[in-house]
Structure formats: C-alpha cells, structure tokens
Amino acid sequence: MRSYEKCQIDSALPITRVATETEKAMLAPNSGRRMELPGFEPRFVDFPDYIFRITDDIWHKRDLDYIANCYAEDCIIHTQTQTGVKPSTRSVIDATAATLESFPDRRLDADNVIWSCDPHPDGDVFYSSHRITSKMTNLGPSEFGPATGRKVRVTTFADTIARENDIFEEWLVRDYGAMVKQMGFDPKSVGCSLAKVDKAKGLSIHADHAPNRESMDHHGAVVETSSEKIILSLLESGWSDQSVYDYRARGDYPYAESLYGPDQVSESRTQWLEGLSNIRFRADHICEVPYLGNAVDVALRWSMTADHSG
C-alpha cells in the first residue's frame, strides 16, 4: 500500500481531503494532477476527487448514462443480501433510475472518502471507502411498500476498487432498518416480506455467503501503521476493548442509533453478539488518510463468521 504522502506528486497541490473541504471547493478544484492517475479522465485531480465527482455526476446531475463510463461491465458487487454478483452496466443504470423514481430528490452527500493505492497482480489499483449521508423524500413506490411522502436520512458505506477510470469491485452497506422505520413501516414485517420474495426467486443469503465463510482462514489485510494496529486490535477483541475508546467516542449503529462513550458502545456490541458462538473476525482491508492536526481517519472493511447457538 502506498501512503498518502507517497502518492502526492506536488506539495503545492494537496490531495483532496473530503472530510474537511467544502463542497464548493471540491466541485471546482484547481486544475493540475495532484497524484498519478494512469488511465483516468484528465479532469480528475486525484482519486478522492474522482470518487466525489462521479457520485455528483450520477446522483446530483442525474447523468445516469455516465455509470457506463466509470463502472466496468463485469464489475463485482457485494451487498447485504448478495455477494459476488456481476450485474450488467445497463441493470445498474436501471436500478439507479428506479431508486430515483421512489426518491426523486435523493442526495448522496460525501461525509468522507478514505483511500489507498494498493498493489494488484494486474498493476496498482485504487481503493476507496466512501461514507455517505443520503437525504430523500419517498414520493414513489419502493421495494419496501407504497409511497409514504416521508423524509428519510440514512447512512451508506460504499467501498470500491478502481483502475483506469473503472470501478471493478464494490461493497455496499446501507442502514435499511433506519430507512424503513423513517418511511413508517415495521422493519420486521418488511424483512419477512422481502425474504419471502428472495426465497421464491431461489435466493439464499446463507448459501450465497458460504464462500465467504470458507475463506475466513485466509490471510486478511496488511496492517502497517500504529493507527491501523489499534483498529485491528479492537476488531480482534470483538470491538469490546474499552481501553482504546476516548470518553467522547461516538458510534453510529443500525436503525440510526447514536451512542456516546465506551460504556454505551461496549454494551451495544455485547447485545448483538449474544446468541453467537465460535465467533471469528477478519480484517479484509484497512487504510487511512490525514484528518486534522496529528489525527487520521481509518477505514476498515471486515468480516465475521459465527454459529447461531442461542
């Protein structure tokens, strides 16, 4: 993995820091490459700029056809319900259009983009972890039910790997529990209804994730920095090591639950691990970028496997 400093090619042009820069500045960056981006469109000054502006092009400018310019035709997509799917670019465009029919005013506002440049058998690739806040109004029918007219705010994480202007693998996680509750539906009822639809289609989350469970013994992410080691030790403790949390630690959890302090965070972790045994964690990817002062932002994509025993 190449560090932030090693990727920067001109100290007079700092690489975009999405967490601390204004939207206005990021939509109209000063011209000039700030890092090497072989094969990317000349308009992008660095990789976080690429992530920020393709999102703006697609979701805010509604240029859905641009999806074909930045997603590989054989892009692998992982979601909460399916993993390793290779939808066509046309189907991704159609799914985006359907979402906008349900939520015509939907925005994808970038809270942060944490990234790295990683070695790959076919040449270096760029990895991003994009934290997004989406605000929208449910004005059309959706997979969850009829239009409700209610306003929704939900957190999404999109991790991607890209090369030469094309995203070729993506992991998507969205707080659907919060989304469904804010729309006025019962999450359990909606979940059961969607599960029946999947079952009728022959889909099985358990079977779909079987390869992931089998791969848990493989080596995980390479940890290089002191900050990354702290996050890895926290993962290995099952997120229960309170000693690494500051007393002001804040956590955002499913159903838009906001927690404060190590006591609340630890209690929440204990609750959702109850009833599970033979728990194993693996760090799949980790990277960091500078924040403010000496602080850094770290992004960790991780996997867990366990037996449901109670």
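Visitor: Which residues have the most contacts inside the largest nonpolar core?
Guide: A nonpolar core is a set of buried Ala, Val, Leu, Ile, Met, Phe, Trp, Tyr and Cys residues joined through side-chain atoms within 4.5 Å; buried means under 20% relative accessible area (1.4 Å probe, protein chains only). This is a predicted model, in which local features need pLDDT of at least 70, side-chain atom pairs count only at pLDDT 80 or more, and totals for chains, interfaces and linings use all residues. Side-chain values use heavy atoms, without hydrogens and water, and residues are numbered from 1 along each chain as its sequence is written. The largest core has 44 residues, and those with the most contacts inside it are Met35, Phe47 and Tyr50.

Visitor: Which helix gives the most to this core?
Guide: Helices are DSSP runs (H or I, at least four residues), numbered from the N terminus. The top contribution is 7 residues, from the helix spanning residues 47-60, α3.

Visitor: How many residues are in the second, separate core?
Guide: Its members include Leu235, Trp239, Tyr253 and Val265. The count for this core is 12.

Visitor: What percentage of the residues in the protein chain is buried?
Guide: The chain has 310 residues. The buried share of them is 41%.

Key
Buried means under 20% relative accessible area, exposed over 50%, partly exposed in between (1.4 Å probe, protein chains only). Helices (H or I, at least four residues) and strands (E, at least two) are DSSP runs, numbered from the N terminus.
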